[in-house]
Amino acid sequence: MRLASTLAALLAAAATLGATLPAQAAAPALRIVTISYDSPGADRRSNSSLNAEYITLLNTTRKAIDLKGWSVRDKTGYTYEFGADVVLGARKRITLRTGQGNDGTSSVFWNRKQYVWNNDQDTAYVRNPGARLVDSCSYKARSNSAAVNC
């Protein structure tokens, strides 16, 4: 009988502890995967150099996301807002390139003529259409890398 009451007390204590443990944070629906912040070669603002600077995002959900109104921003305030007709499939990636080009299903273009991501350090922010911060990634450059995995 004593063993049964001790076991019952232990189970009750375990249930109480389990109820007070913090819940795991859910993965953001749109997550930053990579920032390629320093394109190869000299920074001469050629379109190919600008497009070698990019950020890749991943839809972590099992449903397509209509990206209209979602935005990507750097610490300085340069902001790209996704327009209509950009739908990111479930578990798919999309790359936002700094330079000019034709938007497609796997890449979109900021259409800038200047670089966005600082070569030394920066922070990327992703916000949903309601302007709520969904994900961010900060980096400090290393001499042996021109990109960061977030």
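Four aromatic pairs are found in a search of the whole structure, which is a predicted model. One of these pairs joins tyrosine 80 and phenylalanine 82, and it is edge-to-face because the ring centres lie 5.1 Å apart with the planes at 90°. The points below cover the aromatic rings, the charges over rings, an open sheet and a disulfide.

**Aromatic rings**

- Tyrosine 80 has a relative accessible area of 9%, so this residue is buried, as the limit for that class is under 20%.
- Phenylalanine 82 also counts as buried, because its relative accessibility is 2%.
- The rings of tryptophan 110 and tryptophan 117 form an edge-to-face pair, because their centres are 6.3 Å apart and their planes meet at 75°, where over 60 degrees is required.
- Tryptophan 110 and tryptophan 117 are both buried.
- One aromatic cluster is formed by Tyr80, Phe82, Trp110 and Trp117.

**Charges over rings**

- Arginine 97 places its charged end over the ring of tyrosine 54, at 4.9 Å from the ring centre.
- The face of tyrosine 78 has arginine 112 lying over it, 4.2 Å from the centre of the ring.

**The open sheet**

- Four strands make up an open sheet in the order β5-β4-β9-β10, and their pairing is antiparallel.
- Strands β5 (79–81) and β10 (133–140) are the edge strands, each of which pairs on one side only.
- From one strand to the next, the twist averages 10°.
- Strand β4 (residues 71–74) and strand β9 (residues 121–127) run antiparallel and are joined by four bridges.
- Valine 72 has valine 126 in β9 as its bridge partner.

**The disulfide**

- A disulfide is a covalent bond that connects the sulfur atoms of two cysteines.
- One disulfide is found in a search of the whole structure.
- This disulfide is formed by cysteine 137 and cysteine 150, whose sulfur atoms are 2.0 Å apart.
- The link of cysteine 137 and cysteine 150 is left-handed, with -80° about the S-S bond.
- Distant parts of the chain are linked by this pair: cysteine 137 belongs to strand β10, cysteine 150 lies in the segment after β11 (147–149), and the two are 13 residues apart.
- Cysteine 137 is buried because its relative accessible area is 7%, where the limit is under 20%.
- Cysteine 150 has a relative accessibility of 34% and therefore counts as partly exposed.

Terms used
Residues numbered from 1 in each chain as written. Predicted model: local features only at pLDDT ≥ 70, side-chain atom pairs only at ≥ 80, totals over all residues. Heavy atoms only, no water. Phe/Tyr/Trp six-rings, centres within 6.5 Å; stacked < 30°, edge-to-face > 60°. Buried < 20%, exposed > 50% of the residue type's maximum accessible area, 1.4 Å probe, protein only. Lys NZ or Arg CZ within 6 Å of the ring centre and 35° of its normal. Pairing = 2+ DSSP bridges. Axes fitted to C-alpha atoms, helices over the stretch in contact; angles between N-to-C directions. Disulfide = S-S within 2.5 Å.
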